[in-house]
Amino acid sequence: MWRGLWILVARAARGPCRPCTRQGSGAPAPGSGATIFALSSGQGRCGIAVIRTSGPASGHALRSLTAPRDLPPARRACLRLLTDPRSEEPLDRALVLWFPGPQSFTGEDCAEFHVHGGPAVVSGVLQALGSVPGLRPAEAGEFTRRAFAHGKLSLTEVEGLADLIHAETEAQRRQALRQLDGELGHLCRGWAETLTKALAHVEAYIDFGEDDNLEEDVLERADSQVQELEMALNAHLRDARRGQRLRSGAHVVVTGPPNAGKSSLVNLLSRKPVSIVSPEPGTTRDVLETPVDLAGFPVLLSDTAGLREGEGPVEQEGVRRARERLEQADLILAVLDASDLASPSSCNFLDTVVTSAIAQSHNGNSQRLLLVLNKSDLLLAGDLDLSPELPPHLLLSCLTGEGLDGLLEALRKELTAVCGDPSAGPPLLTRARHQHHLQGCLEALGHYKQAKDVALAAEALRIARGHLACLTSGGGTEEILDIIFRDFCVGK
């Protein structure tokens, strides 16, 4: 219904058909004279719906729908009767707000209509706005794109806003808020300032190298600044994958021998029946994946086939896929039957998977592992002191839930190591674009150090500074901007 309504409103606003001259994402350049409008709150029935406009005709649109009343005081909510400017039919009694530019979200004149959220009311107000000369429906992300064009938001802040809108977990929300607050942008601008100072020293040497008044250590100071920046960039690039995992989700794979309770654990952690649970070994024969919120972190949880020599071609394929997914995991949840640790399948799993993964983590592998001994409810009181040769482990009963709190706390610590702590430390790099430009900056600094000619060294510093500028401003590349703003909904 809403899609059809929006098409009708768009047609009414466009008037007669004319040749299309739009490029890229279809959003006209901010400041082109068009005033845009859209429903900014969620679609569907609700108590209050927010409709906003942005552009030079916002004041005229507000007057048209609230005539004969004048514009309300800036940034103050006022109750007004909204009427259709064509038929003068009452539409709703609503709160309206007036935000004259540049003191607004987009930097342009903006108006907001807080109307009752029924479909008929929203439809009537949108169609009324579409009939006002100079207004047209907004494209996806166009309000934010205008804010970016008018310097209200940097590109990293725009990305933070998009991540905040799409955040599904507490950790994602915290990280998105930090980026929206400009922490990553401030850090990049500080780096750019360091490069500007180094470039100034190098260019001073080029221009005044033979001048007796020039300080002798001017190039040494530039070298020192570049070296400090290299160290900072390397530290951030080492952590680049953590921010991307936080944004898109860490991959947690549940693995173990058959009948250890892997599917029961997946169902317990996801709080829904994702996997079939059966006492028959080999029930799970494919990889079952479900997105979950684990201890506030976004996770793609994978249930896999029990690791053993398959009894048929289907189970063998399931085991092959399980081993393949195991190699891709950020965190392995290794599950064993606490009452059956002496069995050949448990011993083989400990030797081939658990011990191997622990050894690789000590050798610098980023993959992490938690050993979970399930079915603790089957242990007798005297059996709780398990073999001291076992690696560090957690006791759990998927049947009774005993030990779940301890497992969730251990998962929180492991996922903090995998994804980073969004509430502490330096801002994380959440997109491949960030990593690309920091890597380009670092490579340019490498060329600076290798340059035999001072002019080439200065050019390398300009290239490095250009990469940092692209990180916060996009460098004017329309294709990149189109991709970023495409993530926004209409009305934001």
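Okay, quick ground rules. Numbering starts from 1 along each chain as its sequence is written, and side-chain values use heavy atoms, with hydrogens and water left out. Since the model is predicted, local features need pLDDT of at least 70 and side-chain atom pairs count only at pLDDT 80 or more, while totals for chains, interfaces and linings use all residues. When I say helix or strand, I mean DSSP runs numbered from the N terminus: H or I of at least four residues for helices, E of at least two for strands.

Let's start with the backbone. Most residues other than glycine have a negative phi, and most peptide bonds are trans. Now look at the bond from alanine 67 to proline 68: that one is cis, with omega near 5°. Proline 68 sits in the loop between helix H2 (58-66) and strand S3 (78-83). Glycine 101 and proline 102 are also joined by a cis peptide bond, omega about 5°, and proline 102 is in the loop between strand S4 (90-99) and strand S5 (110-117).

Go back to the loop between H2 and S3, and you'll find arginine 75 there. Arginine 75 isn't a glycine, yet its phi is positive, about 55°.

Six strands make an open, mixed sheet, ordered S8-S9-S7-S10-S11-S12; strands pair if DSSP finds at least two bridges between them. At the edges are strand S8 (288-294) and strand S12 (394-395), each pairing on one side only. S8 runs antiparallel to strand S9 (residues 297-303), with seven bridges between them. One to click on: threonine 290 has leucine 301 in S9 as its bridge partner. H10 packs on this sheet, touching S7, S8, S9 and strand S10 (331-337), where contact is heavy atoms within 4.5 Å. The direction of H10 makes about 155° with that of S9; axes are lines fitted to C-alpha atoms, for helices over the stretch in contact, and angles run from 0 to 180 degrees between N-to-C directions.

Last topic, charges. How many salt bridges are there? The count is 21, taking a side-chain nitrogen of Lys or Arg within 4 Å of a carboxyl oxygen of Asp or Glu. My pick is aspartate 163 with arginine 431, closest N and O atoms 3.0 Å apart. Aspartate 163 is in helix H5 (residues 155-166) and arginine 431 in the loop between helix H13 (404-419) and helix H14 (432-450), so the pair ties together parts 268 residues apart in sequence. Both residues, aspartate 163 and arginine 431, are buried.

Compare that with glutamate 193 and lysine 197, which meet in a salt bridge at 3.9 Å, N to O. They're separated by about one helical turn, because they are four residues apart in helix H7 (residues 183-208). Glutamate 193 is partly exposed at 46%, and lysine 197 is partly exposed at 44%. And finally, salt bridges with shared partners link Glu159, Asp163, Arg247, Arg431 and Arg433 into one network.

Terms used
Buried < 20%, exposed > 50% of the residue type's maximum accessible area, 1.4 Å probe, protein only.
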